[in-house]
Amino acid sequence: MPKPKLAIYWAASCGGCEIAILDLNEKVLEVEKAFDIVFWPVALDVKYADLEAMAPGSIDLCLFNGAIRSSENEHLARILRDRAKTLVAFGSCAHEGCIPALANTTTRDRILGIVYRETPSTVNADGTLPARISLLPEGEVELPELWDEVKALDQVVTVDYYVPGCPPQPHRIWEVVELVASGAPLPPKGSVIGAGQDTCCEECPRTREEKRIRRFVRPHEVIADPARCLLDQGLVCLGPATRSGCGALCPQAGMACRGCYGPPPGVQDQGAKMISALASVIDSTDEQEIGMILDQIPDPVGTFYRFSLAHSLLRRVRQ
Amino acid sequence: MTETRFEPRIVAFLCNWCAYSGADLAGVSRIPSSPCVRAIRVMCTGRIDPGFVLHAFASGADAVLLAGCHPGDCHYSEGNYKCLRRALALRRLLRAFGVEEDRVRLEWISASEAEKFAQVTREMEEAVRRLGPLRLNGGAGPTEGESKESGRAEA
Amino acid sequence: MKANGDGRRIGFYICHCGSNIAATVDVAAVANHVAGLSGVAVSRHYAFMCSQPGQDMIARDIREERLDRVVVAACSPMMHELTFRNACQGAGLNRYLFQMANVREQCAWVHADRPAATEKAKSLARAAVARVAHQRPLEAATIPVNPDTLVIGGGIAGIQAALDLAEAGREVWLVERESTIGGNMARFDKTFPTLDCASCILTPKMVSVGHRKNVHILTQSQVEQVSGFAGSFEARVRKKARYVSDQCTACQECEKVCPVEVPNAFDLLLKKRKAIHKAFPQAVPNTYLIDKQERPPCREACPIGQEAAGYVALIGQGRFAEAAELIRMRNPLPVVCGRVCYHPCEAECNRGFVDEPVAIQHLKRFALDWQEKHSGGIPAPPPPTERRPEKVAIVGSGPAGLACAHDLATRGYRPTVFERDVVLGGMLALGIPRYRLPRERLLQDIDFIRRMGVEFRTGVEVGRDVTIGQLRKEGYKAFFVAAGAHVGVPLDVPGERLAGVMQGVEFLRRHALGIPPAVGRNVAVVGGGNTAVDAARTVLREGAEHVTILYRRTRAEMPAVEHEIADAEAEGVRFAYLRAPLEVLGEDGRVSGLRCVEMELGEPDASGRRRPVPVPGSEHTLSFDTVLVAIGQSPDLSLLGGEGLKLDRRGTLEANGETFATSVPGVFGGGDVVFGPATVIAAMGAGKRAAEAIDKYLRGEPLTDFHTHAVPTQIRRGESFRPHPYAPPYTQTPKRPRQAMPKLPAPDRAQGWEEVELGFTEEQAVAEAQRCLHCGVCVDCYQCVKACQPGAVDHAMKDEVLDLKVGQVLVTTGYDLFDPRRMAQYGYGRLDNVVTSLEFERMLASTGPTGGRLALKNGEEPRAVAIVHCVGSRDENYHRYCSRVCCMYALKFAHLVHDRTRAAVYEFYIDMRAYGKGYEEFYGRVLAEGVNVIRGKVAEVFAAPDAPPGEGHLIVRAEDTLLGKQREIPVDMVILCCALEPAQGIEALRRTLHLSQSPDGFLLERHPKLDPTGTASDGIFVAGCAQGPKDIPDTVAQASAAASRMLGLIARGEIAVDPIKARVEPELCGGCRICNNVCPYNAIRWLEDEKVAEVLDAVCKGCGTCVAACPAGAITGLGFSDEQIYAEIDGLLGTPEAASRVPTTLEARP
């Protein structure tokens, strides 16, 4: 019987997800054994045309990483949705926007302005901006359109499964690969796979006490006690509002969780939930004092929606 | 739903013991309030999750009212303080999201303050009419129109 | 199931509520709109959904249309949610699959614009439908109902309810703030309209409730906190000490002997009562109580805690013998103190804020002199209650040693006092000159102590003649070292060794021992303390021609007692202030004079006194032939050092400040030897404390919680305080100058050794004593203790805290009267004979201030009386509500005035409200008696400028709205019918119980018609004026109603607990412990092993704050889950598709 066909694509992403796949190390060969990889720009030379030529549903599994930031990203998303039986939003970008979606705190035009005109190192006297179509001696050259809003994959096409993480942890990737390869019945569509049901805290070895926060601190302001819960020490750790699955890597390395595995099941908006939780345990009933404590958290959007802005309820900063 | 004339949509989260009873008393006393304000009853303002407010905005609300017992009066001792803290945190978040402060209002309204409740609803309607509808750019899909904006460049 | 209502069969019903809703909301349009929503199987509108047919309709649809959810859009859920839930349950649908949309109170009734109201109704309906689709069946657990009841407030309402409950055999806790139950009704004379006397109705009820075995009356008590829920509340009650136990037979003997009289609050301060008292004759419980406010400052300030105010009060009544007894009860050296005490009590005397402090010390001396003269000399000491075998040695017979010996003797020991000198008394004998403290006086006190069984050994110096070690061998178990401070501090200037230079203490000592040293004719005394002054006055009496006191500061800083300085001046002692010796000059070995320097005062030093600094170039010489140095004393521990006792830097004996224990076990130390030179009374205080410490030590008890008095660091007093709650401010207390102590004339007294102060006469003593303000009301004279045969009085009684477990709570805290001072135009508090209704009630009462006689301030009978209605009621500026009872009691007053006097009566009313049974008839009857009724609000009441005879003393100006003209009516008395206000303190109780108030400030009932005695909180009920002004019949009826409601609960035996609770999904809980301390009831438990949180169902009240707090979304709010509320928001905003944003995992949950 023929091997199931696998496609891997990167849209607006950093490539970290690809690296994560390579981090399967020798297991990567078994992926190759188990699947017939038909499309993987980072590793194979396959043209878009070849992809477009494939028949609908001809790809068994597509691991799609990266956010939807441009017409090209969206075009490929639609193609792959059509050609793939199972489309997986792979990694935080495809899952919920991730770092690229922080572009939603401003506008496309601001970004272009800064990048092509305002940065000191840029020499661009007549303020040229990238144009969709440019006439060159060689002829008409087309660039993809940069969208004003960065989206998660499921905000453009229907997604079958989500594999969270920035990047997904190799052992989790392997679980997914095994799951699909085994041909075992898959969980209900729309489910998050390759992750746990509870939160990062579950995997965090630090000891936790009752929370009573009188002051928030930033990493450079303290030397954190290696054994105690970082939140108990005033560091804003998103662990409590983040799905388990990564093995609490950051907290174990002394860095507060930043939430890349996204909201746990049953939580709709990771940032709002975390804010609610933190505010609940601020140890004051005085409006002014509460305000002062809260003001110790700079950049709430960047802090609480670092990975999930595109997927959040408000999705982007209002212009 | 496309409005010919702008009709503000204001969601009010009222605690069962004080604000909701106050709103009822406004009814019993026939004190006119704004029809734009529509109540959702919770047992305590302490139940209000900032997510509710964001969800309301995302679903088309132009403003949100949170109302509960006066400090010290909470039927559950301190739920209203939790609400106060969350509201203050939420306010900071919304500021960062570019949403005007007047779109979220926290009020302590006792079961006997019918007049105050009605007053607050009327004020909020006026405030929202001044601000106009809350258009969250997040709502719109990929805007194809943008392609027209960028012209052609000759080389 | 999908997020929206697909697959559901929801029944929707909108109520017309007659026209209440239908008039403003197009109910048909709403029904049609909802019919189109997904999951809606039936959508109807009907005239009265709450009616039986309406409920039947729902039931039928549930069965025939197989509805699995029901929504009713009608009135507020507060009103009929229960009705419809029951209807659903009746038809076999779980009662929690029902949701209500409030389209009446919060829509139809508050909007005029029909389209707008209809739109809103639609969105409220959509919200309910969207929500109900996500609701899940819930089962209400039931808990047993505790059959005991807590009734807060012992007025007629509380009494009635308690009786009804007791009648049914239930236990009742009746908590009352005052000292008696009965409330305001107990103050009334007659009651309208039947005119039967209030006490005739009330007293029997009070008595019978008092006799019930199953009614526990807690007077002087307040509820501090209440926790728990309907069926099982826990209440903490604080019961103030009454100081009289229930052995009291109310025989009134104590009242007769109590010397303190204050105005009686029960009689609105119109009548006086004693410090030990009963509010009124029929009070229940029929037990006296002592009004103890804060301790009098004089007593607080006294190192031995002498009951100064007590004996002063007794002296004020001419009860001199009792006064002396009281002094001796606590004071080991009463005679001595009467003469030489430094009297810190007077420094703290509140009378000082009026004019001068009471002459407490002189009064003490008077009492003891009187006792000696008139009651056969010094009394015999009381026999000790027990005998203690242990031997105790006391080193030193000064005030500390003697006080310790005295107290040890009263504790049953027979201590031995070792005195190194031949005379007893230490400084009392060797330091204080005879003209201040005659030796025979001192001996009276010492002799008294000897008669108590104390052994004195003079001429024995411990450390030299005998050591503590040896004494231990002799069987002494404990020691008190009180050797005093007898060594003078040297000047430390050249020439101090010259003949003629002597220490002041040494001079006085040798003088006292009868071996006076030779002194010259021109004597200098260096120093500013009492020793200096004593030395100066003594050397003067020794025949010196010139005696000069050199002091380096000014008179203001002199430590010596002021009047001693004055006496010294009067006797001719000279004072050279701001003068310090630099050198003692001498000729052939004898003093010839002092080289001095002038000083000026610089910056304050550690002691707070300004530091003297030499004035450059001001050196000069003064010639003297004798120099007495009195700049300080220190203890002589050269010998005791050998006993292994630790000394501190200041060269004094080291001892613990509280227990007085020294470094050596069993050895205690106190007085000057430890603290350095201080006062007699301070030393005595130390002696008493040491006695207690030694007693504890010998009994093997820990040296903690001492009972002997310790002077507090801060005594609470000052201009702003009052001696007690009923006393006038100091500024309004009439001044009465302090009695002057008669003394020997200065010239001749300076020649001899007779006592200078002669003591008060009886008249002086009584007059002086009556200046006392009786701070703290009870002044601790203990006369009541003596007078009480059953021994019920206990001045040491403490407040009690009771923790009660009850099933339900009834609030019957009644009302307070509006204070008419707020309406200055009526002159209350400013004009005589303008009284409040309650004051008038007391005046009418036979037990009241006038014994029921109607009298003006001057005792005459009024000729005309004005009765003013609506004072503070029906008034935009004060209370908008009608107090409901005023019209009728005003008519009652009119009748009683007619009944008891021939005075004309004018009633000023706005509307005459006679709504009750027999009221209108009563109105008619009183009119027939010839009362003048004037329809109009009184503008003002003022004193008649120059009232001609036969005219009244007050003028009432009002508009007669019937005649349409201004009228001015002369009267003698004006009665203000004041509004009924929420009782003061209700606010605190309201918060304790988490109750709501109505706009008028009274407690809010659950529903004025559906549940007038219930409150929003299950299990807590309200009755009587706490809920709103009402008359006695209504109050009693409402109280009984509440009682029957509670009996219903009790009879059912169990109560359903709302299943609206939080629940943790353990598999979703990450164990972050955020929820742990957000719960105000500590209902969330952290399971250390599983590393997850758990909600304790029984404790959770379902507020949902933990649900909002849980960052993992692991806590569900049953009945208020996220999915339900998100759906409700979507429905409200008409964006059903948004519901699908709710993560699918939510759906997977049970």
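A: Start with terms. Helices (H or I, at least four residues) are DSSP runs, numbered from the N terminus. Axes are lines fitted to C-alpha atoms, for helices over the stretch in contact, and angles run from 0 to 180 degrees between N-to-C directions. This is a predicted model: local features need pLDDT of at least 70, side-chain atom pairs count only at pLDDT 80 or more, and totals for chains, interfaces and linings use all residues. Residues are numbered from 1 along each chain as its sequence is written, chains are lettered from A and ligands numbered from 1 in the order written, and side-chain values use heavy atoms, without hydrogens and water.

Q: At what angle do α10 and α14 of chain C pack?
A: About 60°, with axes 10 Å apart; α10 spans residues 308-316 and α14 residues 360-374. That makes α10(C) oblique to α14(C) (under 35 degrees is roughly parallel, over 145 roughly antiparallel, 65 to 115 roughly perpendicular, the rest oblique).

Q: Which residues of α10(C) and α14(C) meet?
A: Contact means heavy atoms within 4.5 Å. A308(C), Y311(C), V312(C) and I315(C) meet I360(C), L363(C), K364(C) and A367(C).

Q: How is the size of an interface given?
A: Often as the accessible area lost when the parts come together. Here a 1.4 Å probe is used, summed over both parts. Chain C and chain B bury about 4,300 Å², 58% of it on carbon and sulfur atoms. Q106(C), F1120(C) and L1133(C) supply 14% of the area chain C buries against chain B, more than any other three residues. The contact takes 52 residues from chain C and 53 from chain B.

Q: How many salt bridges cross the interface of chain C and chain B?
A: Four, by this rule: a side-chain nitrogen of Lys or Arg within 4 Å of a carboxyl oxygen of Asp or Glu. D73(B) and R991(C) meet in a salt bridge (2.9 Å, N to O).

Note on methods: Helix = DSSP H or I, 4+ residues; strand = E, 2+ residues; numbered from the N terminus. Buried area = accessible area lost by both parts, 1.4 Å probe.
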